[in-house]
Amino acid sequence: MNKTIRRASVFCLLMVLALLVRATWVQAYEARALADDEHNRRNTIAQYAQPLGDIIVAGSPVTGSKETDGDDLRYKRTYTQGELYAAVTGYSSQAYGATQLEGIYSHVLDGTDDRLKSPGDLITGKQTAPGDVLTTIDPDVQKAAYEALGDDRGAAVAMDPATGRILGMVSSPSYDPSDISGTTDGDAWQKLLDDKTKPLVNRALRQPLPPGSTFKLVVASAALENGLYGSVDEPTDSPDPYTLPNTSTVLSNENPSAPCENATLRTALQYSCNNVFAKVAADLGQDKLKAMADAFGFDTEKLDVPVRASQSVYPTGMDKAQTALTGIGQFEVTATPVQMAMVSAALSNGGELASPHMVAKVTDADGSTLQEYPDGDTERVVKASTAEQLRSAMVTVVEKGTGSNAKIDGAEVGGKTGTAQNGVDNSNTPYAWFTSYAKDSSTGKQVAVAVVVEDSGAARSEVSGNGLATPVAQKMMKAALKG
């Protein structure tokens with residue numbers, strides 16, 4: 001054979017072998033990656049080829065599907081009371097993807113999850129009937145939070161302290177996911193993106209803010225757990241006014257006439273004495289405070305409910321003055337509403353924190369369970385005696401102190417208000433906070449709540465936790481205990 005022809009033949013053979021190897025590699029090893037690629041149009045076609053499964057609240061779907069006029073996307077998502085449940089469901093959009101429960105369980109809801117398929121379906125790739133997602137949400141609590149927040153910008157979370165079940169989660173302002181579920185909703189989508197109030201942000205989970213005086217519950221817990229004070233009724237060594245360590249900055253109290261000098265922890269919570277908790281924080285030091293905050297859930301990178309919450313932060317690397325400021329929930333301390341609900345929940349539950357979750361189980365089309373989220377998966381945060389003392393002090397806050405608007409007839413209610421600085425030198429409207437728990441005296445039912453109002457349109461002088469956030473929490477707790 002001619003040498004040139006032989007070389008050409010060998011080269012062609014090598015090229016064919018290379019193509020065969022590449023084809024085998026793509027089919028055997030890269031098929032799944034290609035199938036899952038977000039730019040693969042077939043995935044979207046498969047997702048909306050049949051009516052989607054539903055997200056369920058108290059036995060009733062809050063989602064649905066309707067047939068479209070489109071060529072290849074046959075169905076699109078619809079929502080019942082979309083604005084009410086947007087912070088729970090998220091959205092499923094043919095154009096913009098899916099978020100929250102819609103995103104996490106998209107393969108269950110569209111029928112492509114392998115757990116829904118029989119062995120024969122797995123071989124043939126046949127799409128099966130979709131499954132459903134059953135939430136822990138109480139519709140009465142959800143509605144109470146939504147209506148109480150109204151036009152105020154903020155968020156609210158309610159959970160069962162014993163089980164960790166999230167009973168209500170609202171972010172305001174909200175939006176209707178139905179408005180962006182199709183392929184021709186560009187104007188509605190852009191309007192949401194341009195809205196300076198950020199309705200697409202789930203403030204209950206995804207917007208950490210300075211918690212203000214609600215953080216004093218964490219500081220008081222650290223003081224008792226570390227033996228700085230023996231009880232909530234022991235006088236503290238707290239001068240009023242208090243000068244931040246190694247500075248000339250004097251920390252004032254909102255109520256100058258409050259009995260805050262050397263006040264007990266109970267009195268300091270009742271009147272929200274800044275001097276006491278700044279001094280306690282400075283005396284304990286940042287390491288002990290961080291350990292306590294982390295026990296309550298701060299600085300957790302993966303807090304999934306199952307939607308991932310943003311990290312609530314207790315800072316490090318501070319000097320003593322900065323550490324003192326963290327004692328009143330300022331400096332660089334941040335918390336989400338779900339985090340502050342966890343603080344009250346742990347104290348309400350005897351010092352044990354139940355893992356928060358808003359999905360009870362995921363089922364197939366026949367109702368068989370694919371995945372279940374257990375209730376009452378707890379970790380101890382503080383001793384039972386510490387929790388008992390702080391519950392007692394929180395009751396004093398509601399009965400005689402700054403949380404008076406939280407009272408409920410026939411129930412034990414305890415809480416802590418907070419007004420957190422916002423902006424450089426508190427130049428913006430402060431944030432109004434309230435975190436609390438309630439127990440029904442006759443049924444034993446209990447609930448823990450956290451509310452933040454970022455902006456209500458009220459004058460700065462009228463912004464307070466008791467005035468803005470506490471009434472929202474009171475209505476949520478009342479609905480939870482009634483249900």
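Tutor: Contact means heavy atoms within 4.5 Å. In this predicted model, Thr264 touches Val232, Asp233, Glu234, Pro235 and Thr236, leaving aside residues up to four places away in sequence.

Student: What should I know about the model before reading on?

Tutor: Residues are numbered from 1 along each chain as its sequence is written, and side-chain values use heavy atoms, without hydrogens and water. Because the model is predicted, local features need pLDDT of at least 70 and side-chain atom pairs count only at pLDDT 80 or more, while totals for chains, interfaces and linings use all residues.

Student: How many helices and strands are there in the protein chain?

Tutor: The protein chain has 18 helices and 20 strands. They are DSSP runs, numbered from the N terminus: helices are H or I with at least four residues, strands are E with at least two. The C-alpha trace spans about 105 × 55 × 40 Å along its principal axes.

Student: What percentage of the 483 residues is buried?

Tutor: Buried residues make up 52% of the 483. The cut-offs are under 20% relative accessible area for buried, over 50% for exposed and partly exposed in between (1.4 Å probe, protein chains only). Contacts have a total too. Take those in the protein chain with a separation of 6 or more: 68% come from residues 24 or more positions apart.

Student: Back to Thr264. Where does it lie?

Tutor: Thr264 lies in the loop between strand E11 and helix H12 (265–271). Thr264 counts as buried because its relative accessibility is 16%. Its side chain reaches the backbone nitrogen of Thr267 at 3.1 Å. That is a polar contact: a pair of N or O atoms within 3.5 Å; within protein, one must be able to donate a hydrogen and the other to accept it, and sequence neighbours count only if both atoms are side-chain atoms.

Student: Is His357 buried or exposed?

Tutor: His357 is buried, because its relative accessible area is 5%. His357 is in the loop between strand E14 (352–354) and strand E15 (359–363). A polar atom of its side chain lies 2.9 Å from the backbone oxygen of Ser355. Residues up to four places away in sequence aside, His357 touches Thr136, Thr163, Gly164, Arg165, Ile166, Val305, Tyr373, Pro374 and Asp375.

Student: Which backbone oxygen does the side chain of Thr128 reach?

Tutor: The oxygen of Gly111, at 3.2 Å. Thr128 sits in the loop between helix H7 (119–124) and strand E7 (132–135). Its relative accessibility is 10%, so Thr128 counts as buried. Now look along the chain. Thr128 and Ala384 are 256 residues apart, and their C-alpha atoms are separated by 49 Å.

Student: How far apart in space are Asp409 and Ala145, C-alpha to C-alpha?

Tutor: Asp409 and Ala145 are 19 Å apart, with 264 residues of separation in sequence. Asp409 lies in the loop between helix H17 and strand E18. Asp409 counts as exposed because its relative accessibility is 81%.

Student: How do I read a packed pair of helices?

Tutor: Use the angle between the axes and the distance between them. Here helix H16 (residues 337–348) and helix H17 (residues 384–400) have axes that come within 8 Å and cross at roughly 115°. Axes are lines fitted to C-alpha atoms over the stretch in contact, and angles run from 0 to 180 degrees between N-to-C directions. H16 brings Ser344, Leu347 and Ser348 to the contact, and H17 brings Ala387, Leu390, Arg391 and Met394.

Student: How many residues of helix H4 are buried?

Tutor: 7 of its 8 residues are buried, so by the cut-off above H4 (residues 82–89) is mostly covered. The buried residues are Gly82, Leu84, Tyr85, Ala86, Ala87, Val88 and Thr89. Just after H4, Gly90 takes a positive phi of about 75°.

Student: Which residues does a cis peptide bond join?

Tutor: Val305 and Pro306 are joined by one, with omega about 5°. Pro306 lies in the loop between strand E12 (303–304) and strand E13 (308–309). The bond from Ser172 to Pro173 is cis too, with omega near 5°. Pro173 is in the loop between strand E9 (166–172) and helix H9 (186–194).
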